[in-house]
Amino acid sequence: MSAVLELDDVAIRFGGVQAVGGVTRTVDAGDFVGLIGPNGAGKTTLIRIIAGLLRPDRGKVMLGGSDVTGESTSARVRAGLALTHQIVRPFREMTVLDNVILAAGIGYTSGPLRALLHVSRRREAERAMEILGSVGLTGTERRLAGELPLGQLKRLELARALAVDPKIVLLDEPLAGLNHAEASRQVETIMEVHRRGITVVLVEHNLEEVMRVCRRLIVLNNGVVIGDGDPWEVMANPAVQEAYVGSGMMAHAEA
Amino acid sequence: MYYIDLAVTGVSFGCMYAMMSVGLTLVYGLLRILHVAHAAVFALGAYVVVLVANATGSIALGFLAAVIVTPLFGIAIYRLLYEPLLRYRPDVPMIASVGLLVLMQDAFRIMFGEQGVTFRQNALSFTTFDFHGVTISAVQIALIVTAAVVFAGLHLFTTRTRTGLGWRATVSRPKIAASFGVDPVKVRYLNFAIGSALAAVAGGLVALLNNLVDPSIGFVVSYKALAIIVLGGLGSVRGTLVASLVLGLVEAYGTIFIGAWLDRDAIAFLALIVLLMIRPQGFTGARTA
Amino acid sequence: MSAYTISIVSIIGINVILAVSLNMISGFCGQISLGHGAFFGAGAYAAALAMVATASVPLALLAGVVAGSVLGILVGFASLRVRSDFLAVSTIGVNFLFVGFVRKQSWLGGEMGISGIPPTGFGASGNMIMILLLACATVVFSLYVSRSWMGFAFRAVGEDEQAAATLGIGAGAYKLAAFGIGTALAGLAGALYAFFTQFITVDAFDFILSVMLMAMVVIGGIGSTWGVVAAAVGLTLLPEAIRFVNDYRLLVFGGMLVLVIRLAPGGLAALVHNLFARTRKA
Ligand SMILES: Nc1ncnc2c1ncn2[C@@H]1O[C@H](COP(=O)(O)OP(=O)(O)OP(=O)(O)O)[C@@H](O)[C@H]1O
Ligand SMILES: [Mg+2]
């Protein structure tokens, strides 16, 4: 199997906090990886480094075999990466539909000149409607994104990430803030995405769902990997249990 | 001796810039708004000083009136203009602020004439002292002494008094300060009041220096003050002080070296743009990707 | 048509180009520029020099566009590096620097400016027609941009650069494009202005002009081409129609800027839009 994502000794420090302390990992094409760890473990920071939203102090990020460490976020997205933000960032002043159309139009927005020469949005609008349907947002298309409740915005994040037609998606807590029914629906969507051949990296505190869907589990604590492998084996690892003691996470998973 | 004269000029202008800019940088630190209309407060202060001084014959009364009127005015700007606009992106209140400045400036012109107002009696403006060939005017001394007193007082206020400590804490750590029971709205009022009073004092002293208050008095100074607070690392009082003094000196000496091809008033912006190219986050800003 | 009408219409045309071009930078792409007067001025000076040297209208137009956009792209690079509120201050600085620099240059006429710019040969009404045609072209272009994918991407960049980046939209290239296009058009307006007055001094391009242009954009409704056109026409005519406004121009413009932002931050375009929405519902 070929690697879609490789990290080589990635590290970043904020003031006195070593948020990510030298992570070296490879993610194979088509895998479904859970990335977990207690609050402040460095999950979001790692995702942001992979996406190019943060520059690491050291280390290399490779996408599909090529080094993208110096590349911008938009270039990485064009190379097949997509992500959802833990704290949702829709374009609040655009409609829900426009948010997704813009993502679906990634072929037109590669550069200003190309963008200037194209006007029609019909095809993108059709695709956007389909994607909105698949995440369960049909009926909200015409509303301004800023008016949606958090649960729907989480789904909009996912819709936009899917619309850029990625090879790998990094999902940062896509289930947080959703109720039980919404969460299982969102998980269904993510599993469907995976079935279509897209590699998924899922950051989630909802361990129940993580254990159910992930084929591989990476556990981060204080910015370093303390467990990696088959989810059940990893969870049985004493170091991992140790990290979770007191955070109440195990209880949560067993519930 | 010429070079020392220039140093005196530079330092006294630097003191004026500092008093003008400190209110601006504090408003930025607190609200993230570029309070361009601060220049109108500066001009208002200058007008109040000259008008009251002419009416009563006492320049001291003029300054007293100015430090009473302008804080109220500054607070009114916050309450009526900025507070309702806080939820928009910071450009929105800034543009409103530019509008207010332009409006006030024209209002001064309409009310008090294009030529402006001069002091009826102003012995101070023409008093100069001579120290071994270095000439220094009474107003320049007043500028330097006032600034020294004001900043020393401000330092004591923010390090020794409860209110002052709360103020400083709110500027640097708003959430933490609030959790210690500091009322953020009161801090804002205090901030506008003190900043406005300082600008008014600076305006009054400039009026004395030129023996004139005309409608454009606040104009150039205000934009320079914007450059200064960016140079000083937005929100930092110490940085603003340093940037003000440096700018005063650079302008004073710069007129000799680059005055032939650039207006003195543009020097601040040259420095600003050069700095932003080298350090886009300002002197003290944090690093981001 | 009287000479007076011709000159008013010409000025309206020039202001429409200026306001619509500023709207592309600040409205479409969200990059607040308070120095549009500098690009206008750069275009005017370049066109004036080209006219004096060659007396060729096409060359002078080209010179204006190139001068405006070269300066604009330089400032655009600054916009890539600084935060949005720093950018506003930087553009104010660019305006002051431009005026402060030109005033001291003897080859640009210093304080006296450049006079005796050769006529275009079209006559006053010919100039007016050229100005109007180019103003219409600018409006059409602006409407097209806002419908194209470029306008779409501009809006995204203006609202949230990082979110745009996660959809594959590189903010930098778009910001440069906005500055390049907007300032090229400002340079064009500068050339037209030089043709129209045949005499330019640097005071015509000062910061106050930049504030006036921003007032047109904000009052018209930032981002709305038609709103901005209406505001540019209205705010140019107002001082001519009402004596009071002419005497107290800055008072009125400043006051309108404050009131509109305070009462209707979306500008006139949003007011009209809401009105329509309400009547349609009723
Ligand atoms: N921009 C920043 N500046 C300073 N410190 C930061 C910054 N971003 C994150 N940190 C710190 O880095 C550490 C890792 O944060 P991160 O957000 O990556 O954790 P996380 O695993 O995503 O946690 P959570 O589960 O709560 O989302 C934390 O200690 C956090 O306080
Ligand atoms: Mg996180």
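Student: Before we look at anything, what counts as a helix here?
Tutor: A helix is a DSSP run of H or I with at least four residues, and helices are numbered from the N terminus. Keep in mind that this is a predicted model.

Student: Fine. Which residue follows helix 2 of chain C, and what is its phi like?
Tutor: Ala55(C) comes after helix 2 of chain C, and its phi is positive, near 60 degrees.

Student: How far apart are the end C-alpha atoms of that helix 2 of chain C?
Tutor: They are 27 Å apart, which agrees with the 27 Å that the 19 residues, 36-54, should span at 1.5 Å a residue.

Student: And how many of its residues are buried?
Tutor: In helix 2 of chain C, 15 of the 19 residues are buried, so the helix is largely enclosed by the rest of the structure.

Student: Where does UniProt put transmembrane regions in chain C?
Tutor: The unreviewed UniProt entry gives that annotation to several stretches of chain C, including residues 32-53, 176-196 and 250-272. In the model, residues 176-196 of chain C are 100% helix and 0% strand, with end C-alpha atoms 30 Å apart, whereas residues 250-272 of chain C are 87% helix and 0% strand, with end C-alpha atoms 25 Å apart.

Student: What about chain B, where does the record place them there?
Tutor: According to the unreviewed UniProt entry, the transmembrane regions of chain B include residues 6-26, 189-209 and 241-261. Residues 6-26 of chain B are 100% helix and 0% strand, and their end C-alpha atoms are 30 Å apart; for residues 241-261 of chain B, the chain is 86% helix and 0% strand, and the end C-alpha atoms are 28 Å apart.

Student: Staying in chain B, is Asn191(B) buried or exposed?
Tutor: Asn191(B), which lies in helix 9 (residues 184-210) of chain B, has a relative accessibility of 1% and therefore counts as buried. Not counting residues up to four places away in sequence, Asn191(B) touches Leu26(B), Val27(B), Leu30(B) and Trp167(B).

Student: And Val171(B), what is it in contact with?
Tutor: Leaving aside neighbours within four places in sequence, Val171(B) is in contact with Leu26(B), Gly29(B), Leu30(B) and Gly235(B). Val171(B) belongs to helix 7 (residues 162-172) of chain B and is buried, with a relative accessible area of 16%. Its C-alpha atom is separated by 8.9 Å from that of Val187(B), 16 residues apart along the chain.

Student: Switching to chain A, which residues of helix 5 are buried?
Tutor: The buried residues in helix 5 of chain A are Glu124(A), Ala125(A), Ala128(A), Ile131(A) and Leu132(A). They cover an arc of only 125 degrees around the axis, which puts them on the same side of helix 5 of chain A.

Student: What do those buried residues pack against?
Tutor: The buried residues of helix 5 of chain A pack against helix 3 (96-104) and helix 6 (150-163) of chain A, together with helix 6 (149-159) of chain C. On the other side of helix 5 of chain A, Arg122(A), Arg123(A), Glu126(A) and Glu130(A) are exposed.

Student: Last topic: how many residues surround ligand 1?
Tutor: Ligand 1 is surrounded by 13 residues, and the closest are Asn39(A), Lys43(A), Thr44(A), Thr45(A) and His205(A). A polar side-chain atom of His205(A) lies 2.7 Å from an oxygen atom of ligand 1.

Student: Which backbone atoms come in as well?
Tutor: A polar backbone atom of Gly40(A) is 2.9 Å from an oxygen atom of ligand 1, and a polar backbone atom of Gly42(A) is 3.0 Å from an oxygen atom of ligand 1.

Definitions and conventions. Residues numbered from 1 in each chain as written. Chains lettered and ligands numbered in written order. Predicted model: local features only at pLDDT ≥ 70, side-chain atom pairs only at ≥ 80, totals over all residues. Heavy atoms only, no water. UniProt positions renumbered as here; feature names shortened; annotations may be inferred. Helix = DSSP H or I, 4+ residues; strand = E, 2+ residues; numbered from the N terminus. Buried < 20%, exposed > 50% of the residue type's maximum accessible area, 1.4 Å probe, protein only. Arc of directions from axis to C-beta. Contact = heavy atoms within 4.5 Å. Near = heavy atom within 4 Å. Polar contact = N/O pair within 3.5 Å; in protein donor to acceptor, adjacent residues only side chain to side chain. Expected span 1.5 Å × (residues − 1).
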